[in-house]
Protein chains: 2
Amino acid sequence: MAMLIDGVPDEQVSALDRGLAYGDGVYRTLQLVGGRPRLWRWQWQRLAEDCARLALPLPDERLVLAELAQAAVGLERAVAKIVLTRGVGRRGYAMPADAVPTRIVSASPWTGYPAELAEQGVTVRRCELRLGLQPRLAGIKHLNRLENVLARSEWSDPTIHEGLLLDSEGYLVEGTMSNLFLLRGGELATPLLDRSGVAGALRAWVLDNAPALGLAVREARLTLADLDAAEAVFLCNSLIGIWPVVRLGERTWPIPHALRALAAQLAAAA
Amino acid sequence: MAMLIDGVPDEQVSALDRGLAYGDGVYRTLQLVGGRPRLWRWQWQRLAEDCARLALPLPDERLVLAELAQAAVGLERAVAKIVLTRGVGRRGYAMPADAVPTRIVSASPWTGYPAELAEQGVTVRRCELRLGLQPRLAGIKHLNRLENVLARSEWSDPTIHEGLLLDSEGYLVEGTMSNLFLLRGGELATPLLDRSGVAGALRAWVLDNAPALGLAVREARLTLADLDAAEAVFLCNSLIGIWPVVRLGERTWPIPHALRALAAQLAAAA
């Protein structure tokens, strides 16, 4: 792994960084091909929105792109991560007026996930943990991820590839590391993320690109009944791409042509 | 400030630490006098409970005490912080089976808060942010503190000393950095922290010690109506001690003898 901290090759941060003390920061995980991030427009837009919502300064876009390229030197395909924190702080929750943000850009050789998961589909479970509702943090890919950690700790069976999360009111939200889409009647529906969940860059890409394939899109409150009624289901994130869901307990779903077409569109995207 | 990371003088942690990546850890802030922590029994019990709830290994108690003393060498009175994280992790939320926890122990010269706040009482405001409900994390002093950061950012007026937080259902929970008690009819009531909030060590001390002063104690769902009906109100944490609340908007409260007696008891505690 190669890592730049505020542009300097390093692998350590101050133990007084508010990213550690309070999870006071945001991040993105992305794919690099030839040192260039895939789906950058969607990644950057999500990062900018998340920074704005937490009043975190957004770094210069060209600087971040240059650091991604530098971290990925020698790697034809890489997994990259961008972490932005509010920097080193004095004691106390108040945002320091003079805080200098910390910017961590890293890249590792691509390991990815087995290709057959995208081709043949995945098996999921329903997590016991229910996501709390917090509109002020909903959708943001921030560093407060204990709910995801606890949810992911519910299973270790390697034949279960992801866990579905409901919120405290029983609505579907997402997977522990992915966003969720349901296909029915030529329409793709995905949970509204205005009260919980993480709005991933690939989710945004799907919402923007599915209509060109003849699929209407909709963000809505979705229930387990909607899941059961779906003709097809998929999960997505920037590393896994699109994973058709083929099994949850006894319920199975097919992988219709529309999902193959969407995945092909994604594979062809820059 | 003096800091020990896993027992070694240092001030940096790996940028891959799960404490930074996910807020996957817990902490305590405490007072040291002559290198010894005040109210240690309550601090340690809370730390042990928090670790158990997050499946974090608890370090050896004597080791932590020795590190606190070492960090505070030369400081008659100090503010100390203990941070325990799940350590450096591979990518992904799953708890690594082979994770080596990170232990950060630090001490700084005591700066404290102006003594007149404890003597004359404080003015508080009501925060706009409502705490989300998450029973799996409620009460734990974990590193996911963005709600507190956002709540504390709501005001900068230095004559406002603390903000009161309600949960999404409108129940009283705590201050942004303190626990809340209401006195009425010889009884101290404090919000139940089974759905949100941080259960501080001083809160636990008050619950254990108030009865000896003739004050019954009760954990309950409390409302703004209960606050309005209270004969006295106070906030507490391990650094501020006990802060009588004397004003919220137009509402004022006195500082009855019972609160002075509790503060005197605290001052005399080891």
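**Where the chains meet**

I then noted which elements give two or more residues to the side of chain B that touches chain A: β1 (2–5), β3 (12–14), α1 (18–22), β6 (77–85), β8 (122–131) and α5 (146–152) of chain B. Helices (H or I, at least four residues) and strands (E, at least two) are DSSP runs, numbered from the N terminus. The most comes from α5(B), with six residues.

I noted for myself that this is a predicted model, in which local features need pLDDT of at least 70, side-chain atom pairs count only at pLDDT 80 or more, and totals for chains, interfaces and linings use all residues. Residues are numbered from 1 along each chain as its sequence is written, chains are lettered from A and ligands numbered from 1 in the order in which they are written, and side-chain values use heavy atoms, with hydrogens and water left out.

For the contact (heavy atoms within 4.5 Å), I recorded 51 residues from chain B and 51 residues from chain A. The area buried between them is about 4300 Å², with 63% given by carbon and sulfur atoms; buried area is the accessible area (1.4 Å probe) that two parts lose on being put together, summed over both.

**Strands**

I saw that strand β3 (residues 12–14) of chain A pairs with β3(B) in the antiparallel sense over three bridges, and that A:Val13 stands opposite B:Val13. Two strands pair if DSSP finds at least two bridges between them.

Within chain B I followed an open sheet of six strands in the order β2-β1-β7-β6-β4-β5, with antiparallel pairing. Its edge strands are β2 (8–9) and β5 (36–37), each pairing on one side only. Two bridges join β1(B) to β2(B), and B:Leu4 has B:Pro9 as its bridge partner in β2(B).

**Single residues**

I placed B:Pro135 in the loop between β8 and α5 of chain B; leaving aside neighbours within four places in sequence, B:Pro135 is in contact with B:Arg53, B:Asp194 and B:Arg195.
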